[in-house]
Amino acid sequence: MQRHGQHIPFSTSGSYPARVGNAVHPMVDGEPAFRRICEAAEAARHSVWVTVSFIKRNMQMPDGRGTFFDVLDAAVDRGLDVRAIFWRSDPDTTHPESHFPGTSEQRAWLAERGSRFQAVWDRAQKRYCQHQKSWMIDAGKEHEVAFVGGINLHPNSVVSPGHSPREVVGSTHDVYVEIVGPSATDVHHNFVQRWNEASERTLDDGVWPSAVGHAKLAHPQALSSEVGEATVQIQRTVRAGHYSDSTATPGGECFAIGAGEYSTLEQYLSAIDAARSTIYIEDQAIGAPQVIERLQVACDRGIDVVCLVPVKMADMSRTRQDPKSRPFFEALATLGSSPRFTLAGIASNRPDRGYQDIHVHAKIALIDDVWATIGSTNIANRSFYGDVELNASFWHGPTVKALRCELLSEHLDRDTSALDDRASLRLFRQVAAENAKRRACIESLRGLAFELDAATYGS
């Protein structure tokens with residue numbers, strides 16, 4: 001059978017090969033995503049494992065399920081093996097309320113609530129972040145299910161599609177993907193590697209509960225059965241020297257992670273270079289010069305490109321006041337002058353005739369209606385080279401087109417299912433340009449998307 005999107009190459013530098021026979025289900029926005037994840041956790045028969053980056057304790061899961069910690073405790077009460085890997089930041093990195101580094105106060109809070117799930121804390125190198133966000137349900141069992149994405153466990157992330165204005169916590173747009181099949185076992189393998197080599201595993205305050213200690217997990221020995229038609233490849237960023245474990249992957253492939261892994265960057269660049277008609281990106285950051293350069297080349301050879309980003313630039317490492325950043329902003333401005341390129345943000349109409357900007361936190365790309373990637377990796381050098389990241393790329397035309405239609409239905413308030421990918425992005429450009437004029441006159445937007453000026457973005 002001919003592979004969907006066979007003109008888009010696989011990554012060749014990563015730990016995990018592309019695997020056929022998967023079923024993938026993208027989930028747009030936090031409320032539907034966390035509802036499905038919680039349903040899977042509630043249906044689990046053996047285990048619930050999760051990697052956590054940013055989290056706030058008061059974040060509520062959908063439909064009255066309580067907090068993230070309530071969901072884990074409920075799984076423990078059912079007799080399941082429940083484990084969490086939390087990021088512990090560098091002492092010089094300040095994230096006072098946005099993650100769970102296992103302080104003495106936080107451990108006392110876990111004890112007070114009687115939490116009995118197992119946990120380990122893990123640092124990244126230097127001031128980088130353990131940025132992976134994954135869930136693994138019934139790991140190693142025939143019915144194992146994996147979830148990979150970028151949605152933080154924050155109150156502003158648990159929102160429904162459409163992003164009606166929210167007065168208190170704001171609204172964030174984001175995406176997850178559910179994976180069933182052989183590539184779910186690679187997400188399992190990634191969790192085991194991180195659990196076994198977590199940086200704090202030998203410290204008294206590096207595991208929970210302390211009395212349990214830290215026992216290693218066995219690596220998966222066999223792949224889950226083929227269940228669908230999607231080809232999937234799990235890709236990562238892991239800095240050189242971060243892990244030493246070179247255990248073979250479930251399919252028998254061997255790798256040496258000590259040399260580092262940068263397969264997500266490789267995949268982004270090769271996929272952009274291979275595009276034949278369209279590139280659609282949603283990302284919290286648009287800060288990697290090599291990606292800007294490749295997008296410029298793509299536009300020059302006739303590819304239609306749309307980048308959906310936060311209204312205010314999220315990559316604060318680049319500022320227009322920094323002379324070192326001048327070439328980057330000049331390249332972005334040049335890209336913005338291309339008639340085939342659109343830079344856009346999203347906002348919802350407020351009852352008072354104003355707008356509530358919607359923060360784009362997604363890290364996804366869709367190309368030619370046949371290939372997509374979803375994960376934790378921002379288009380920024382920090383994510384491509386420093387933070388520990390996890391993405392799932394998949395080759396399956398029907399799923400990618402359905403995702404494109406779902407996203408554009410939300411952002412444009414238009415049904416694009418009868419349009420091909422090129423016509424859809426040209427409609428996006430038209431609607432975004434019209435909404436930019438409406439926003440300048442404080443008129444109601446039609447849909448959410450409006451055009452941003454690439455020449456002044458980041459000012």
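**Reading aromatic pairs and a buried helix**

Guide: By the ring-pair rule, the count in this predicted model comes to 20 aromatic pairs, where rings of Phe, Tyr and Trp (its six-membered ring) pair if their centres lie within 6.5 Å, and planes under 30 degrees apart count as stacked, over 60 as edge-to-face and the rest as tilted. Because this is a predicted model, local features need pLDDT of at least 70 and side-chain atom pairs count only at pLDDT 80 or more, while totals for chains, interfaces and linings use all residues. Residues are numbered from 1 along each chain as its sequence is written, and side-chain values use heavy atoms, with hydrogens and water left out.

Visitor: How is a pair of Phe-69 and Phe-100 described?

Guide: A pair of aromatic rings is described by the distance of the centres and the angle of the planes. Phe-69 and Phe-100 are 5.0 Å apart, centre to centre, with 50° between the planes, and the pair is tilted. Phe-69 lies in helix 2 and Phe-100 in the loop between strand 3 and helix 3, so the pair ties together parts that are 31 residues apart in sequence; helices (H or I, at least four residues) and strands (E, at least two) are DSSP runs, numbered from the N terminus.

Visitor: Which other ring pairs with Phe-100?

Guide: The rings of Phe-100 and Trp-109 have centres 6.2 Å apart and planes at 65°, so this pair is edge-to-face. Ring pairs link a cluster that includes Phe-68, Phe-86 and Trp-135. Arg-57 lies over the face of Trp-109, at 4.8 Å from the ring centre, where a charge sits over a ring if NZ of Lys or CZ of Arg is within 6 Å of the ring centre and within 35 degrees of the ring normal.

Visitor: Is Phe-69 buried or exposed?

Guide: Buried means under 20% relative accessible area, exposed over 50%, and partly exposed in between (1.4 Å probe, protein chains only). Phe-69 counts as buried at 0% relative accessibility, whereas Trp-109 is partly exposed at 22%.

Visitor: How many residues of helix 2 are buried?

Guide: Helix 2, residues 68-77, is mostly covered, with seven of its 10 residues buried, among them Val-71, Leu-72 and Ala-75. What covers these buried residues includes helix 1 (30-43) and strand 5 (133-137).

Visitor: What is found at the ends of helix 2?

Guide: Thr-67 caps the N-terminal end of helix 2, with a side-chain oxygen 3.2 Å from the backbone nitrogen of Phe-69, and just after helix 2, Gly-79 takes a positive phi of about 90°.

How values were computed. Contact = heavy atoms within 4.5 Å. Polar contact = N/O pair within 3.5 Å; in protein donor to acceptor, adjacent residues only side chain to side chain.
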